[in-house]
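Dear colleague,

My notes on what was found in it follow, arranged by region.

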Amino acid sequence: MVTATRSQKGATTRDLILDAATRLIHLQGYHCTSLDDVLRESGVGKGNFYYHFKSKEELGYAIIDRVMQGFLERTLEPAFADTTGDPVTQVHAFLDHVLDNQRQRNCVGGCPIGNLASELSDVHEGFRRRLAGIFAEWRAKLTEALSRSQLSGRVRDDFDPSTLAQFLVAALEGAILLTKVTKDIKIMERCVEQLKQHVALYAKGVEPIQTPGASDPAPRRTI
């Protein structure tokens, strides 16, 4: 019982550190967040910090892993969990989810994965590889859904699902960045609308879906 209590307390302390560091790094970046900032924000002493993390670098890896796990468990995997559902509709719903997330954040913070990738990919090879893995997982999930749609005959078979998936990832990251810079959710709404229109070009007889809550929607037409 004592061992279990200590283990739970240790996990709680580690989570406090990760929560604080993730918030700070998301808003001000990895390099601009000091260990003292993390200790002050978390209320954890330096000795407790070094019990759980040997260095700021190790903390950085833990944050990346946590962001990846959260993205997979709360966003990516649920969006495509139903392998019998219409993959194109699932892609649209996934785009809506990302858009709604930016609405809830009031265009502040951008994409945690994208922020870290922009800051660290050219200066830390280990972080770059770990972050590249998140984007690869994202692309793989979209590729699987689009391939499934081809096999079911719902979309044309004359395009490469992996290439389209890569385009969607890159375009969505760009849309999030523009929204962060401009603080204008309409930009995100219009970009998501255009991505839906683009995906619909590959569908057989599917009418493009309007983005919920978006202003100035693109003209609807039957493909």
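To begin with the second largest pocket, about 310 Å³ of space lies in it, and of the 21 residues that line this pocket, Cys 111, Gly 114, Asn 115, Leu 116 and Lys 180 are the closest to its centre. Two or more residues of that lining come from each of the elements α1, α4, α6 and α8, and α6 gives the most, with six residues. Sorted by class, the lining of the second largest pocket has nine nonpolar, nine polar and three charged residues. Please keep in mind throughout that this is a predicted model.

The largest pocket holds about 560 Å³ of space, and 20 residues line it, with Phe 71, Arg 74, Asn 101, Arg 105 and Pro 112 lying nearest its centre. Its lining takes at least two residues from each of α1, α4, α5, α6 and α8, and here α4 gives the most, with six residues. By class, the lining of the largest pocket is made up of eight nonpolar, eight polar and four charged residues.

Turning to the overall fold, the protein has nine helices and zero strands, so that the pattern read along the sequence is α-α-α-α-α-α-α-α-α. Of the 223 residues of the protein, 43% count as buried. Among the contacts with a separation of 6 or more, 63% are accounted for by residues 24 or more positions apart.

The interior comes next. In soluble globular proteins, nonpolar side chains tend to be buried together. The largest nonpolar core in this model has 55 residues, and those with the most contacts inside it are Leu 59, Phe 94, Trp 138, Leu 142, Leu 172 and Met 188. At least two residues of this core are supplied by each of α1 (2–28), α2 (35–42), α4 (56–79), α5 (87–104), α6 (112–120), α7, α8 (161–182) and α9 (185–200), and α4 gives the most to the core, with nine residues. Which residues does Trp 138 touch, not counting those up to four places away in sequence? They are Phe 71, Leu 76, Phe 94, Val 169, Leu 172 and Glu 173; of these, Phe 94 and Leu 172 are also listed among the core residues with the most contacts, while Phe 71 is one of the residues nearest the centre of the largest pocket.

Helix α7 (residues 125–151) also contains Arg 148. Is Arg 148 buried or exposed? At 13% relative accessibility, Arg 148 counts as buried, because the cut-off for that class is under 20%. Leaving aside residues up to four places away in sequence, Arg 148 touches Phe 80, Asp 82, Thr 83, Gly 85, Pro 87 and Gln 90.

In α2, the buried residues are Leu 35, Asp 37, Val 38, Leu 39 and Ser 42. Just after α2, Gly 43 takes a positive phi of about 75 degrees.

Lys 183, which is not a glycine either, has a positive phi of about 60 degrees and lies in the loop between α8 and α9. The relative accessible area of Lys 183 is 48%, so this residue falls in the partly exposed class, between 20% and 50%.

Finally, on the cysteines, the structure holds zero disulfides. Cys 32 is exposed, with a relative accessible area of 57%, whereas Cys 191 counts as partly exposed at 24% relative accessibility. Cys 111, as noted above, is among the residues closest to the centre of the second largest pocket.

With best wishes

How values were computed: Residues are numbered from 1 along each chain as its sequence is written. This is a predicted model: local features need pLDDT of at least 70, side-chain atom pairs count only at pLDDT 80 or more; totals for chains, interfaces and linings use all residues. Side-chain values use heavy atoms; hydrogens and water are left out. Helices (H or I, at least four residues) and strands (E, at least two) are DSSP runs, numbered from the N terminus. Buried means under 20% relative accessible area, exposed over 50%, partly exposed in between (1.4 Å probe, protein chains only). Contact means heavy atoms within 4.5 Å. A disulfide is a pair of cysteine sulfur atoms within 2.5 Å. A nonpolar core is a set of buried Ala, Val, Leu, Ile, Met, Phe, Trp, Tyr and Cys residues joined through side-chain atoms within 4.5 Å. On a 1 Å grid over the protein atoms alone, a cavity is a set of points where a 1.4 Å probe fits but cannot get out, and a pocket is an open set with protein on both sides within 12 Å along at least five of seven lines; lining residues have an atom within 4 Å of a point. Grid points are joined across faces, edges and corners, and a volume is the space filled by probe spheres set on the points. Ala, Val, Leu, Ile, Met, Phe, Trp, Tyr, Cys and Pro count as nonpolar, Asp, Glu, Lys and Arg as charged, and the others, Gly among them, as polar.
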